[in-house]
Amino acid sequence: MSTDPDRPAVYTAEDQVAGWLDTLGPGHEEITVDGRSFRPETEPRFTDPDAVGRYVDQVLAHLTSHDKRYDGRERVPAHVRARRGPRAATYTFEDATIAVPPFAHGGRWALRGLVVLHEVAHHLHGEPGHGPAFRATFLRLLEDLGQPVLAELLQHAYAEEGLGQVTHTVDDGTLAKIAKLLRQAEGTRNEHEQAAFLAKAQGLATRHSIALALARAHTARAERTDRPVAENYRIGEPGKRGLARYVRLLVNIAHPNDLRCTISHDSTAVTLYGFAADIEVTKALYESLLVQMVADCERYLASGHREPVRTWDKQRRRWRTKPVATITARLAFYEAYALRIGQRLESARQDAIAEATASPTAEPVATSTETALALRQKEVAVHDYFAEALRRNRIRSTWRGDRRSSMDIAPGAAGEGRRAAGRARLDGGSEERRLSS
């Protein structure tokens, strides 16, 4: 039986954080995790074990000079040497030595701050293993080095791997006190008050050996509320005909389900902004309706009942009558289909709102008022989240899709598209009110 059962999950979580950090670069200073945006501190990188050794000396000197106590372990020097094997970085407790593979031996992955500080945390913890106490030491180390955002990301990754409970030695009351101080610090605009609250929180955390990231995670678990998120959804490959109509279908489904969207310039992808449950409903409905739309269109095109159109023959200088082009009929069908689906869902949404906010005689009027207020709060939350995303990404233009409408050119195909959308099964035949509520 393994004496270090948490080791695989810890490594997986830290690899996840490293992957997030690797996505950063010029023009990409933020990481989005579960709909939240993070701006992590700059992670140091190293060229060789000697540079790692100098960094470790600086870290331990910083902890000592700022009176960050780790049972005296911060005052014990840690030695750094090159390791022959490229697959691991290690810490040896007997001689307090950190071994990292050099760049030339495949050690590029280890010559980074996250890996080195993992070994420093072993040094400060003073005991083998990757259990809750070690993880608390690692998180606290990051906080003490002025990397609270990285600590929060690491705590999030630990939680994803089932390691959310970092320590069993601290009661929830102490965590709640620290979390309250953090909320007060983050909620005030007065710099002196903010500094005072943070100092109290850090002092209390230091006395109990708690990372501030752990206290923040405790607050998130205790006060967990559904928040808007963003999710990118792939529509199709660049150059494919009809993508704008696919986008229009998705957007017409998204809006009645309380989502907002941004669309790539080539209509190949849509980013959905809103609550996770609404995004899941929208995706499921879109994927179902897309299949129905394409199948109904193919049946219509195969029937051969396309209306004739008059076109001008430049060579013979006369009008000619011929069937509408297949691509034109297809686009007109898709466009009308998407429009009708949007109308059906919007109508169902209004019916659902009216039903939810109605006040039956057997129930107090306050019930309908609370429902209306909850719906309004949800709308405001999505609006604010979307507005912030537009500002952050500097999005100012409006997506117009294909500016030429095919419905006027092929009214027969458009009519067939509207009728097919009217027959379409919404979520496999479920009530429309449930889908758009």
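Visitor: Which residue in strand 8 is the bridge partner of Ala 230?

Guide: The bridge partner of Ala 230 in strand 8 is Tyr 273, and Asn 232 has Thr 271 as its bridge partner in that strand. This is a predicted model, in which local features need pLDDT of at least 70, side-chain atom pairs count only at pLDDT 80 or more, and totals for chains, interfaces and linings use all residues. Residues are numbered from 1 along each chain as its sequence is written, and side-chain values use heavy atoms, with hydrogens and water left out.

Visitor: What makes strand 6 and strand 8 a pair?

Guide: Two strands pair if DSSP finds at least two bridges between them, and six bridges join strand 6 to strand 8 (residues 269-274), the two running antiparallel. Strands here are DSSP runs of E with at least two residues, helices are runs of H or I with at least four, and both are numbered from the N terminus. Strand 7 and strand 8 also pair in the antiparallel sense, over four bridges, with Arg 260 opposite Tyr 273.

Visitor: Why are strand 6 and strand 7 said to stand at the edges?

Guide: The open sheet has three strands in the order 6-8-7. Strand 6 (229-234) and strand 7 (260-263) each have a single partner strand, so one side of each is left without a neighbour in the sheet.

Visitor: Why is strand 8 called largely enclosed?

Guide: Buried means under 20% relative accessible area, with exposed over 50% and partly exposed in between (1.4 Å probe, protein chains only). Six of the six residues of strand 8 are buried, so strand 8 is largely enclosed by the rest of the structure. Ala 269, Thr 271 and Tyr 273 point one way, whereas Val 270, Leu 272 and Gly 274 point the other way.

Visitor: Why are helix 1 and helix 5 called oblique to each other?

Guide: Angles run from 0 to 180 degrees between N-to-C directions, the axes being lines fitted to C-alpha atoms, for helices over the stretch in contact (heavy atoms within 4.5 Å). Under 35 degrees counts as roughly parallel, over 145 as roughly antiparallel, 65 to 115 as roughly perpendicular and the rest as oblique. Helix 1 (residues 7-22) and helix 5 (residues 148-160) pack at about 135°, with their axes 8 Å apart, and the two helices are therefore oblique to each other.
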